[in-house]
Amino acid sequence: MTAASVSQQNSVRKLRTLFISDVHLGSKAAKTDYLLDFLRHHEAETIILVGDIVDGWRLKRSWYWPQPCNDVVQKLLRKARKGSRIIYIPGNHDEFMRDFPGVHFGGIEVAQRHMHKAADGRNYLVLHGDEFDVVVRNARVLAYLGDWAYDMAIAINIGLAAIRRRLGMPYWSFSSWAKLQVKHAVNFIGEFQKVVAEEARRHDAQGVICGHIHHAVIEDIGDVRYINTGDWVESCTAIAEHYDGRMELITWHRMRGGMVEVESSDEAEKMLARVLAPQAA
């Protein structure tokens with residue numbers, strides 16, 4: 001690696017807006033180390049958290065809140081203190097936050113939805129997107145696999161990440177790959193995108209920014225710019241708005257070249273054992 005590339009990786013990018021969703025703090029699959037590294041290298045005037053930042057569902061089943069989860073929260077609060085506007089739009093996994101619209105927590109403001117005006121004049125409707133599961137006749141975005149199957153995919157993801165890291169190979173998401181091999185999942189993603197784009201049209205917005213389905217993309221659906229922020233469980237992605245209004249999809253593990261350490265191999269083994277144990281019984 002050249003000195004120039006090291007300098008570029010260590011520099012801080014200044015942006016107009018950052019959109020982040022589906023971190024799932026409280027889940028063992030959350031890529032907190034990647035996210036912390038990302039937040040260290042990016043500053044923005046506004047940061048919009050597009051839901052499922054905290055995984056309340058997982059925490060209710062089994063409490064898991066290691067220090068890196070605290071570190072992510074503290075990092076966001078520190079950015080708020082330094083002047084970044086931070087808007088928190090709750091999702092279905094952190095729906096308990098929906099009881100506090102308009103409330104500020106340490107400089108972080110809670111909103112059900114947000115209309116974002118980009119620097120190029122385009123209006124974007126920002127929402128998590130879980131409410132459209134009903135529209136496409138799916139109770140949960142991953143219902144096609146089932147809860148156990150998704151846990152299995154994430155567990156395999158963790159195990160493969162540990163093995164690839166030991167071999168000096170970059171991060172690769174098995175769960176994201178597997179999702180796109182299932183025809184029903186691909187059909188669901190397409191239908192979800194259509195109904196969310198239609199919601200933007202109903203609000204006279206030229207674009208929509210959402211999360212929820214863990215499938216990061218920027219594309220035009222008719223006259224609406226559809227943007228999905230992705231997640232920090234599988235793909236480690238975020239959306240950045242530059243000062244000219246240009247939207248960029250950032251896949252952080254690719255930009256960092258797999259340099260960031262994530263789950264330990266011990267954690268991977270524990271996760272695999274937890275998921276596989278019921279099947280062996």
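Helix α2 (residues 32-40) lies across β1 (13-20), β2, β11 (237-241) and β12, and runs at about 145 degrees to β1. Here helices (H or I, at least four residues) and strands (E, at least two) are DSSP runs, numbered from the N terminus. Axes are lines fitted to C-alpha atoms, for helices over the stretch in contact, and angles run from 0 to 180 degrees between N-to-C directions. The model is predicted: local features need pLDDT of at least 70, side-chain atom pairs count only at pLDDT 80 or more, and totals for chains, interfaces and linings use all residues. Residues are numbered from 1 along each chain as its sequence is written, and side-chain values use heavy atoms, with hydrogens and water left out.

Helix α4 (residues 67-81) also packs on the sheet, where α4 touches β2, β3, β4 and β5 (108-110) (contact means heavy atoms within 4.5 Å). The direction of α4 makes about 110 degrees with that of β2.

The two helices α2 and α4 pack at an angle of about 20 degrees, and their axes are 9 Å apart. They are therefore roughly parallel to each other (angles under 35 degrees count as roughly parallel, over 145 as roughly antiparallel, 65 to 115 as roughly perpendicular and the rest as oblique). Residues of α2 in this contact include Leu-35, Leu-36 and Leu-39, and those of α4 include Val-72 and Leu-76.

The open sheet has seven strands in the order β4-β5-β3-β2-β1-β11-β12, with mixed pairing (two strands pair if DSSP finds at least two bridges between them). Its edge strands, β4 (104-105) and β12 (247-251), each pair on one side only. Strands β2 (residues 42-49) and β3 (residues 85-88) run parallel and are joined by four bridges.
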